[in-house]
Amino acid sequence: PVIVLSVGRLGEKKGTDVLLEALARLPTNLHWRLVHVGGGPLRSRLERRARALGIAQRIQWRGARTQAELLAEYRAADLFALAARVARDGDRDGLPNVLAEAQSQGLACVATKVSGIPELVENERTGLLVAPESPEEFARALQALIADPVRRRMLGEAGRQRVHAQ
């Protein structure tokens, strides 16, 4: 299966619930697995939601990891996903480091057009950008890259080159 990696604290602004909804919309014959790294207050709620969506068996919740362990997770993955959003209280990520880390390891990224994310992920060049709060759009982007390993590698390599150059 294609390993989709997501890294971040399990809080509202990371949009992990949107990511789960997107994954549940993928065709059942598409072979994928989600690895999530990071703990947080919403973990049990998100695990319950994954079970309700029928995708829990495809998800590994890894919790917090050391930097060396996290680097190994990036290197083992095929694709990176971050469904960031502006939380109800206005909290948001500015420029998520995890996207730069993922790109530095050659991973194509699927992310939302929130805050500074478009400064890190160039749509159709280093990854795919979608509207926040849109599991349908996120699912289409994930499906496109899960099904196309050549495109994933091209976007990932472009991201790696950009991060190392800048």
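Which residues does His36 touch, not counting residues up to four places away in sequence? The legends below start there.

**View 1. His36 and its surroundings.** His36 touches Ser6, Val7, Gly8, Leu10, Thr16, Gln60, Trp61, Arg62 and Gly63, leaving out residues up to four places away in sequence. Contact means heavy atoms within 4.5 Å. The residue is found in strand S2 (residues 32-37). His36 counts as buried because its relative accessibility is 2%; buried means under 20% relative accessible area, exposed over 50%, partly exposed in between (1.4 Å probe, protein chains only). This is a predicted model, where local features need pLDDT of at least 70, side-chain atom pairs count only at pLDDT 80 or more, and totals for chains, interfaces and linings use all residues. Residues are numbered from 1 along each chain as its sequence is written, and side-chain values use heavy atoms, with hydrogens and water left out.

**View 2. Helix H4 and its packing.** Val98, Leu99, Ala102, Gln103 and Ser104 are buried in helix H4 (residues 97-104). Helices (H or I, at least four residues) and strands (E, at least two) are DSSP runs, numbered from the N terminus. The buried residues of H4 pack against strands S1 (2-7), S4 (79-82) and S5 (108-112), and against helices H3 (67-76), H5 (117-120) and H7 (149-165). Just after H4, Gly106 takes a positive phi of about 80°.

**View 3. The nonpolar cores.** A nonpolar core is a set of buried Ala, Val, Leu, Ile, Met, Phe, Trp, Tyr and Cys residues joined through side-chain atoms within 4.5 Å. The largest has 32 residues, and Phe138, Leu142 and Ile146 have the most contacts inside it. Helix H6 (residues 135-146) gives the most to this core, 6 residues. A second, separate core of 22 residues includes Leu5, Val35, Val98 and Leu99. Beyond its neighbours within four places in sequence, Leu142 is in contact with Val4, Leu19, Ala22, Leu23, Leu26, Leu79, Ala81 and Val110.

**View 4. Lining of the largest pocket.** Glu12, Asp17, Leu42, Arg45, Leu46, Arg49, Arg85 and Arg88 line the largest pocket. A pocket is an open set of points on a 1 Å grid over the protein atoms alone, where a 1.4 Å probe fits, with protein on both sides within 12 Å along at least five of seven lines; lining residues have an atom within 4 Å of a point. Helix H2 (residues 43-53) supplies the largest share of the lining, 3 residues.
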